[in-house]
Amino acid sequence: MNFPILSSLILLPLVGSLFILFVKSDASTNYQSSKYVAIFTSFANFFISIYLWYLFDNSISDFQFVEEKHWLNGFVNYKVGIDGISILFILLTTFITPLSIISVNNSIKSRLKEFLIAILVMESLMIGVFCSLDLVIFYLFFEGGLIPMFLIIGIWGGERRIYSAFKFFLFTLLGSVLMLVAIITIYWISGTTDVIKLYELGIDWKYQNLLWLAFFSSFAVKTPMWPVHTWLPDAHVEAPTTGSVFLAAILLKLAGYGFIRFSLGLFPVASNFFTPLIYSLSLIAIVFISLVALMQDDMKKLIAYSSVAHMGFVTLGIFTLTQQGIEGSIIQMISHGLVSAALFLCVGVLYDRTHSRLISTYGGIVSIMPKYAVVLMIFTLAAIGLPGTSGFIGEFLILLGTFQKSFIVAAIASLGVIFAAAYMLWLYKRVIFGNLINKELFKISDLNRSEIFILWCLAIPTLFFGFYPDPLINTIEVSIQDLIEMYDLNLTSYLESNQDTLIK
Amino acid sequence: MIENLNFIYPEIFISLSIMFLLLLGVFKKNSSGLIYNLSIIFLIFTLALIFNYPPKSNLYLFNNTYVIDYFSIFMKILTLCSGIFVLVVSSKYLKIFKIFQIEYSILILCSILGMMVMISSYDLIVFYVGLELQSLSLYVLASFNRDQTKSSEAGLKYFVLSALSSGLLLYGCSLIYGFTGSTNFITISENIYSNQVGLTFGIVFILVGLAFKISAVPFHMWAPDVYEGSPTSVTLFFAVVPKVAALAIFIRFLYVPFVNMIDQWQIIIIFLSIASMIFGAVAAIGQKNLKRLVAYSSIGHMGFVLAGLSTGVNEGIQSSIIYISIYLVMNLGLFSCLFMMKRNDTYYESIEDLSGLSKNHPLISLSLLIILFSLAGIPPMAGFFAKFYIFKAVIKESMYFLAITGLLSTVISAFYYLRIIKIIYFDPEKEKYDTDYNIGLKISLSLSTLLILLYFVFPSMLVEIVSRINII
């Protein structure tokens, strides 16, 4: 297997965006050719990644499909490869992208060509993040994603888009530059930035805490964790629907992935040391942010806050350092990718028709848009984590993992599930049921064909993985076992050496 | 002695061509176009001469007062290339402002000659002669648009302040001569004994003079006014070319005669670097004029260059050189865009004039977007790698405070670059600009944009070239 399949996954969207740049298409032809190119490349990418999943051997924990190229004087090499943890995120990215491109028909009115280029560039950068095996390459892709997202929010966003775009950019940049210092420091300590080699070498214990904090500053902003989550609601509210979908479904997963791959993998001692911090921040996110979400009157903002709460579960699960906890976190992230994308699309559907995101505008929609009511029901229940949806598997496994470590933490976290039911069901009730008071609503139509297609595309895997999560769990199981073994090994050797010094 | 002349053909050639062009200008009427083109050709020819005579080893000429080594050749090539590009992009601008005169290109040639002497100098007196030759030409160039008050003011301001700094520098030279008994760099380094306070004073005075030339805080006061007042083509020249020469002599001066006194000067350079990075980032936020903004942003960039210099190791010097090379390309691109903002023979240079550029001129806006993100240091643009090398060197020397300051100023400065992008992409459009660009402008813009964008494909090339520079 010498074909560079991962590099082609990264490059294909870029080639597509180049085509779009030079293809002649403007508003007069309704950007037809650009759209075809974008849909074609993103679907091609999706099928390649499915084929990748098929080729992927989930019985070994080593990195597979590794490609290495001499890049920066041997100091940094271009190195990509995947294991069970990354492949699911790549699949999520390639799955969400074509759907979001189909959805632009409804939401983006101007400068569609540039928008499609931005989305495709974004896709290739995100795939790059998930498969890079070198810290510098990872940083390159990680930061590069800021540029297209800044433009997506700023050009196609709502009224306060400029404020949100700046907030998004500067918050994440501030977090990430510290990570850059940490990466360079790691290079000078260990002599390499190659992740596989770093896993073997390990990083000296006395540096781990500071380095962990530097990485944390970047991931915490991206996750986003309380108290640096404030950019997310603003960015979501002002981004166009497709932008929100991308942001919620894929961009938020970068940090969760980063925590698993780098924080746990590279700094086990520090991760152990800072676990209480993560627990408390996650609990605040779960409980406090859920209460905040309860009080929102803007639908998009409500879902944005619910994302923060869900990501709180994810970070909690990751740092339980149990098989169930980490598996749960990954499944929760995949499920959140599907569900939040769908929820933002649902809000987008209403917004395209009435140009209002306020909950108070709506009520009694069920009699006008029955199909819409069904779809929204599925996703509302999935967001709550009802058994039979993928959300349940994730949250259940996370809580299972947490109970092994701490009863109190798990008990408080379980409160979050109840709050989630409260704000989601209340939202559903206010929008879908009740009396039709607003006269404007009589004019709106039910879902059109492309909307039905996109939403059912998201609903089917949500339900399927809810009943049968084995394909997901089988893929990640071995890699996570290996990760936890490595973590425990490092930690015990650290504790032993610490005891020695104490005895002396 | 006389065979030494064999090694300085480029300098001799450029001096002869200056004299030839002057004579030509006197005897031939209306020859400004011809002279302009000829000077570009002569510069290219000089570049070819430099490429043609790569020395096998370091050459010390004229009693060790003049050096030809890999470093000087690299810096001369940078100077000449940017000089050529400056001339290529600015001809139309000069014609419209009716300052397309024979003296313009000859003065640029003169100052480039001065810079080449500076770069190769290995002696305080030779260095000073080169410095003055380039400065005097720059004074005249700054006030070249003499019918405009602003331009004359810029020239005068630059002259007065620069003369003062030259005076300080000369005083520093005399102190050093007094304490070591020589003006030659090698002899000075041999004659340094421990802790001579007078010598430290000498170093400080010379550093002040040099910091003035590269506009590092707190000797930056002239830069915004001069950048704004001078004709844009001269601003471009100011922003890139003299900095290369000043950096070269900065490196030479610190790392040849005074390399053993690093304890004395390192703290000064660190201070200059931190002050410039922070000031450049903060002061640029409120600017409305693009040229002023470039002035402040170049102050910030010089802070990064100095950060590399302050490390005291080869790696740091190399990172500074890489930084300035990438900085050159970014500024050339940025100014090419400025030259394209023309409507009915008027050039626009306020930030507001960029409003909604992306609707009327998508390609220029895309280039500007790439250049601005690169200036802000966002990967995968070239500007990120420039900063990356600096941080790599700085962190290697465990100068974490400097690194963190640099990072914070990166974030702050990202704000004002983003503001320009916001104005280009998010704001309502204005009238279209003229689209009759000449070919030189198109080439320089597309070349610099592509270099910046595709740098990440072959990042080792520049590093490999620069890594052959070993000063210490």
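The model is a predicted one. The secondary structure of chain A comes to 19 helices and 2 strands, and its radius of gyration of 22 Å is close to the 23 Å that the globule rule gives for 504 residues, so chain A is as compact as a globular protein of that length.

**Chain A as a whole**
- Taken along its principal axes, the C-alpha trace of chain A spans about 80 × 55 × 40 Å.
- Among the 504 residues of chain A, 57% count as buried.
- Of the contacts in chain A with a separation of 6 or more, 79% are between residues 24 or more positions apart.

**Ser176(A) and its surroundings**
- When neighbours within four places in sequence are left aside, the residues in contact with Ser176(A) are Phe142(A), Glu143(A) and Ser218(A).
- Ser176(A) and Ala220(A) are 44 residues apart in sequence, while in space their C-alpha atoms are 9.9 Å apart.

**Two packed helices in chain A**
- Two packed helices are described by the angle between their axes and the distance between the axes.
- For helix α15 (residues 370-384) and helix α18 (residues 449-467) of chain A, the axes come within 11 Å and cross at roughly 35°, and the crossing is left-handed.
- On the α15(A) side the contact is made by Lys371(A), Val375(A), Ile378(A) and Ala382(A), which meet Ile452(A), Leu455(A), Ala459(A) and Thr462(A) in α18(A).
- Sorted by class, the residues in this contact of α15(A) with α18(A) are 6 nonpolar, 1 polar and 1 charged.
- An α-helix has 3.6 residues a turn, so residues three or four places apart point the same way.

**Backbone features in loops**
- Most residues other than glycine have a negative phi, and most peptide bonds are trans.
- The peptide bond from Thr223(A) to Pro224(A) is cis, with omega near -10°, and Pro224(A) lies in the loop between α9 (205-222) and α10 (231-238) of chain A.
- Trp226(A) and Pro227(A) are also joined by a cis peptide bond, with omega about 5°, and Pro227(A) has its place in the loop between α9 and α10 of chain A.
- His355(A), in the loop between α14 (323-354) and α15 of chain A, has a positive phi near 55°, and with 10 C-beta neighbours inside 10 Å His355(A) counts as exposed.
- Asn64(B), in the loop between β1 (59-61) and β2 (66-68) of chain B, has a positive phi near 60°, and with 13 other C-beta atoms within 10 Å Asn64(B) is partly exposed.

**Where chain B touches chain A**
- The contact takes 23 residues from chain B and 25 residues from chain A.
- On the side of chain B that touches chain A, α16 (382-396), α17 (400-425) and α19 (460-466) each supply at least two residues, and α17(B) gives the most, with 10 residues.
- That side of chain B divides into 17 nonpolar, 2 polar and 4 charged residues.

**Helix α16 of chain B**
- The 15 residues of α16(B) reach 21 Å from the first C-alpha to the last, close to the 21 Å expected at 1.5 Å a residue.
- Of these 15 residues of α16(B), 14 are buried, so the helix is largely enclosed by the rest of the structure.
- Following α16(B) is Ser398(B), whose phi is positive, near 60°.

Key
Residues numbered from 1 in each chain as written. Chains lettered and ligands numbered in written order. Predicted model: local features only at pLDDT ≥ 70, side-chain atom pairs only at ≥ 80, totals over all residues. Contact = placed C-beta atoms within 7 Å. Helix = DSSP H or I, 4+ residues; strand = E, 2+ residues; numbered from the N terminus. Nonpolar A, V, L, I, M, F, W, Y, C, P; charged D, E, K, R; others polar. Expected span 1.5 Å × (residues − 1). Buried ≥ 20, exposed ≤ 12 C-beta atoms within 10 Å, placed from the backbone. Rg over C-alpha atoms; globule rule 2.2 N^0.38 Å. Axes fitted to C-alpha atoms, helices over the stretch in contact; angles between N-to-C directions. Left-handed = near helix turned anticlockwise from the far one by under 90°.
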